[in-house]
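Thanks, everyone. Have a look at it first.

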Amino acid sequence: MRRRWPLMRSKPLIYFCAFGDEAQFAMLSVALESLATFSRVRCDIVVLTNAASQEILSRYLAAFRKILRITVKRVEAADVQQYTHARYRIVRFDELRHHGPVLYLDTDIVCDGDLRPLLRKLRTVQGICALPEGHLLSPHGFWGRTLFLQDPGLAVRPSDPGISTGVLGGASIAALRRPFGLILDHIEAWFAAGNAPLFYDQANANYVMVKHGLFDGTVMGEHLRVVGNEADADPSRRLGLAHFAGGVGNNMPKLLRMRIYRAALAPDAPPPRRGWFGRTVGRALDRVVGP
């Protein structure tokens with residue numbers, strides 16, 4: 001009897017967290033416009049925000065309602081510390097449980113190319129896909145030095161890379177439920193014990209990912225580059241995502257660099273595939289990657 005393989009379909013989700021000052025939402029606007037122009041991905045987009053930010057967020061999202069499938073989800077977050085924890089709360093929305101692959105983006109991200117290859121790879125990863133960054137035992141403690149020194153059984157070395165939480169990926173919401181849940185549990189237990197904050201979410205998340213073997217660093221570097229504090233990013237070095245990192249809350253300088261970079265990119269999306277073969281293969285791949 002001839003074996004029939006089921007058609008593999010996915011329901012991709014890209015999501016953001018947006019809180020705080022006006023520049024935060026202006027950065028989100030640049031990120032969304034770049035996704036609409038360059039990503040070549042048809043997916044659902046979710047923005048997590050709090051009650052205080054819903055009005056300003058609605059104003060910025062108005063321009064995208066007809067070109068992107070955007071849903072706003074409300075979370076309780078009262079300060080910058082809680083803003084950075086919100087990215088893990090995506091798994092607590094049960095109505096999103098069937099989505100996958102999943103890609104979280106900070107608002108200081110510009111999409112500069114096709115994201116379909118990245119989303120295909122995310123479907124195969126185990127745990128949390130992220131970019132290596134810095135070193136776990138860096139003296140300033142940003143990547144969790146305090147926590148790792150309290151747990152010598154992990155045998156972390158000074159050369160071991162830290163993990164950036166600015167862009168995170170996973171095979172699905174279902175697959176991220178345990179990893180993200182462990183991070184949230186650790187953060188909540190840390191504060192419940194009366195401890196002081198440790199560099200927003202970054203230190204706690206690094207510790208949990210390393211302790212439980214949740215980190216996949218093999219994929220993201222092929223599709224994401226960190227621009228940092230470069231004044232003028234090179235638009236010829238496109239990987240798909242450019243992260244204009246520069247410190248939590250340092251929004252205006254990042255917004256300026258994002259706008260300069262976006263202006264330097266070609267104004268239009270990549271040309272469509274030409275010929276019967278290209279169109280046929282492209283449609284087949286689209287059926288796998290997204291609706």
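This is a predicted model: local features need pLDDT of at least 70, side-chain atom pairs count only at pLDDT 80 or more; totals for chains, interfaces and linings use all residues.

In β4, Y104 is the bridge partner of Y15.

Strand β1, residues 13-17, runs parallel to strand β4, residues 102-105, and three bridges join them. I14 sits opposite L103 in β4. On β2, the residue opposite Y15 is V46. β1 and β2 are also parallel, with five bridges.

How does the chain get from β1 to β2? It passes through α1, and this β-α-β crossover is right-handed.

Next, the side chains of β1. L13, Y15 and C17 point one way. I14 and F16 point the other way.

Now zoom out to the whole sheet. Seven strands make an open sheet, and the order is β3-β2-β1-β4-β7-β6-β8. The pairing is mixed. β3, at 69-74, and β8, at 215-216, are the edge strands, each pairing on one side only.

Two helices to point out against this sheet. Helix α2, residues 54-61, packs on it and touches β2, at 44-49, and β3. The direction of α2 makes about 175° with that of β3. Helix α6, residues 173-192, lies across β1, β4, β6 and β7. Relative to β6, residues 128-135, α6 runs at about 40°.

**Helix α1 and the cores**

α1 has 17 residues, which at 1.5 Å a residue should span 24 Å. The end C-alpha atoms are 25 Å apart, so the two values agree. Is α1 enclosed or open? 13 of its 17 residues are buried, so the rest of the structure largely encloses it.

That brings me to the packing. The largest nonpolar core holds 49 residues. Which residues have the most contacts inside it? F16, L32, L103, L105 and L241. And α1, residues 22-38, gives the most to this core, with 10 residues.

Take L105 as an example. Leaving out residues up to four places away in sequence, L105 touches I14, Y15, F16, L35, G166, V167 and L241. A separate core lies apart from the largest one, with 41 residues. Among them are L48, A77, A86 and Y207.

β9 and β10, the latter at residues 241-243, run parallel, joined by three bridges. V226 has H243 as its bridge partner in β10.

**Backbone details**

Where is the cis peptide bond? It joins G100 and P101, with omega about 0°. P101 is in the loop between α3, residues 80-85, and β4.

Then R40. Its phi is near 60°, a positive value in a residue other than glycine. R40 follows α1, in the loop between α1 and β2. Its relative accessibility is 30%, so R40 counts as partly exposed.

Last, Y200. Phi of Y200 is also positive, near 60°, and again the residue is not glycine. Y200 lies in the loop between α6 and α7, the latter at 202-211. At 28% relative accessibility, Y200 counts as partly exposed.

**The whole chain**

To finish, the overall numbers. The protein has nine helices and 10 strands. It has 291 residues, and 51% of them count as buried.

If you keep one picture, keep β1. Questions, please.

How values were computed: Residues are numbered from 1 along each chain as its sequence is written. Side-chain values use heavy atoms; hydrogens and water are left out. Two strands pair if DSSP finds at least two bridges between them. Helices (H or I, at least four residues) and strands (E, at least two) are DSSP runs, numbered from the N terminus. Contact means heavy atoms within 4.5 Å. Axes are lines fitted to C-alpha atoms, for helices over the stretch in contact, and angles run from 0 to 180 degrees between N-to-C directions. A nonpolar core is a set of buried Ala, Val, Leu, Ile, Met, Phe, Trp, Tyr and Cys residues joined through side-chain atoms within 4.5 Å. Buried means under 20% relative accessible area, exposed over 50%, partly exposed in between (1.4 Å probe, protein chains only). A crossover is right-handed if, with the strands pointing away from the viewer, the path from the first strand over the helix to the second runs clockwise. The expected span of a helix is 1.5 Å times one less than its number of residues.
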